[in-house]
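I opened this notebook to record what I looked up, entry by entry. The sequence and the structure come before my notes.

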Amino acid sequence: MRLPLNIDSVKGFMPRDEGEALYAACAEALSDKGLFAASGGVCAEIGSYCGKSAVYLGTACRAHGGRLLAVDHHRGSEENQPGEAWHDAELADGEGGVDTLPHLRATLRRARLERVVLPLVGHAEDAAACVAAPLAFVFIDGGHSREAVMRDYRLWSPKLAPAGLLALHDVFPDPADGGQAPYEVYRGALASGLFAETHHVGSLRVLRRV
Ligand code: SAH
Ligand code: MG
């Protein structure tokens, strides 16, 4: 994998080893001829922020003829708001909130991924109503409350084609490491019998729709 820019120059929440695993999983999905035929190579991520994970996924898409829908309302999660733990003053919109869309666009232009990664600006629930199945790959990294993660799983995971891959970020079995909502959704997905685990690096878990 060769990234098209210095990934350390992109703001975000994707450690390099997890980003490389994301790339590998997406490349694997797009290399499955049956899955590509079923999905047209269309992938989606929920939660793009400034485009860090989108560079990994978009690079895999470019290498394998796929495309990535990058879903985000770009107003930031609760923890990104002014005064909260993960606020970045450089993302302030001048009206008391944050706006990450200009940063995502700059990242995609610098990475020359504008023909591969298509920003879909809106709430994940509204985007889900506009995006038809089947998808080859879905990455869920949007709102991290229990309600948000469960909703994203409920609305987006059924859009996967058979054998499509579902990636979940910030899965922490130990509550001391982070919020438990992604871990609960991960366990629920395995318990449902609809998914089997394929990759695990850090807090990234990748499941295959069986
Ligand atoms: N994947 C990114 C990090 C995502 S942070 C990276 O690699 O750096 C989470 C993102 O989810 C934020 O940008 C926030 O705006 C977005 N988000 C939170 N709730 C959302 C919702 N309901 N709909 C769309 N986007 C949402
Ligand atoms: Mg994350």
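**Entry 1: the hairpin of β6 and β7**

I began with His200, whose bridge partner in β7 is Arg205. I then looked at how the two strands run: β6 and β7 are antiparallel and are joined by 6 bridges. They form a hairpin with 2 residues between them. In that turn I noted Gly202, which has a positive phi of about 60°. I record here that the model is predicted.

**Entry 2: the sheet as a whole**

I next asked in what order the strands of the sheet lie. The order is β3-β2-β1-β4-β5-β7-β6, an open sheet of 7 strands with mixed pairing. I recalled that strands of a sheet pair through backbone hydrogen bonds, either parallel or antiparallel. At the edges I found β3 (117–121) and β6 (195–201), each of which pairs on one side only. From one strand to the next, the twist averages 20°.

Strand β5 (residues 160–168) and strand β7 (residues 204–209) pair in the antiparallel sense, over 4 bridges. Within this pairing I noted Ala167, whose bridge partner in β7 is Val206.

**Entry 3: helices across the sheet**

Helix α1 (residues 16–31) lies across β1 (42–46), β4 (135–140), β5, β6 and β7. Its direction is at about 160° to β4. Helix α3 (residues 52–64) lies across β1, β2 (67–72), β3 and β4. For α3 I noted an angle of about 160° to β2.

**Entry 4: the magnesium ion**

Which residues supply the protein donors of the magnesium ion (ligand 2)? I found Asp141 (OD), His169 (ND1) and Asp170 (OD), which lie 2.1 to 2.2 Å from the ion. The spacing of these donor residues in sequence is D-x27-H-D. Asp141 lies in the loop between β4 and α6 (146–156), and Asp170 in the loop between β5 and α7 (181–191), so the pair ties together parts that are 29 residues apart in sequence. I also checked burial: Asp141 and Asp170 are both buried.

**Entry 5: ligand 1**

I counted 19 residues around ligand 1, of which Phe13, Ser53, Asp72, Ala124 and Asp141 come nearest.

I then looked up backbone atoms beside nitrogen atoms of ligand 1. A backbone N or O atom of Ala124 lies 2.8 Å from one such nitrogen. For Gly47, a backbone N or O atom is 2.9 Å from a nitrogen atom of the ligand. For Gly143, the corresponding distance is 3.4 Å.

**Entry 6: two residues and their contacts**

Is Asp152 buried or exposed? Asp152 has 1% relative accessibility and the cut-off for buried is under 20%, so Asp152 counts as buried. This residue is found in helix α6. Leaving out residues up to four places away in sequence, Asp152 touches Ile46, Ala124, Ile140, Gly142, Gly143 and Ser157. Among these contacts, Ala124 and Gly143 are residues I had already noted beside ligand 1.

Leu113 lies in the loop between α4 (101–110) and β3. With 0% relative accessibility, Leu113 also counts as buried. Apart from neighbours within four places in sequence, Leu113 is in contact with Pro4, Ala54, Val55, Gly58, Thr59, Arg62 and Leu108. I noted too that Leu113 and Gly66 are 47 residues apart in sequence and 12 Å apart in space, C-alpha to C-alpha.

**Entry 7: backbone exceptions**

Most residues other than glycine have a negative phi, and most peptide bonds are trans.

His74, which is not a glycine, has a positive phi of about 65°. The residue lies in the loop between β2 and α4 and is buried, with a relative accessible area of 1%. Arg112 has a positive phi near 55° and is likewise not a glycine. Its place is in the loop between α4 and β3; Arg112 is exposed, with a relative accessible area of 70%.

My last item was a peptide bond: the one from Ala133 to Pro134 is cis, with omega near 0°. Pro134 has its place in the loop between α5 (124–130) and β4.

Conventions: Residues numbered from 1 in each chain as written. Chains lettered and ligands numbered in written order. Predicted model: local features only at pLDDT ≥ 70, side-chain atom pairs only at ≥ 80, totals over all residues. Heavy atoms only, no water. Pairing = 2+ DSSP bridges. Axes fitted to C-alpha atoms, helices over the stretch in contact; angles between N-to-C directions. Contact = heavy atoms within 4.5 Å. Donors = N, O, S within 2.8 Å, 3.2 Å for Na, K, Ca; no water. Buried < 20%, exposed > 50% of the residue type's maximum accessible area, 1.4 Å probe, protein only. Near = heavy atom within 4 Å. Polar contact = N/O pair within 3.5 Å; in protein donor to acceptor, adjacent residues only side chain to side chain.
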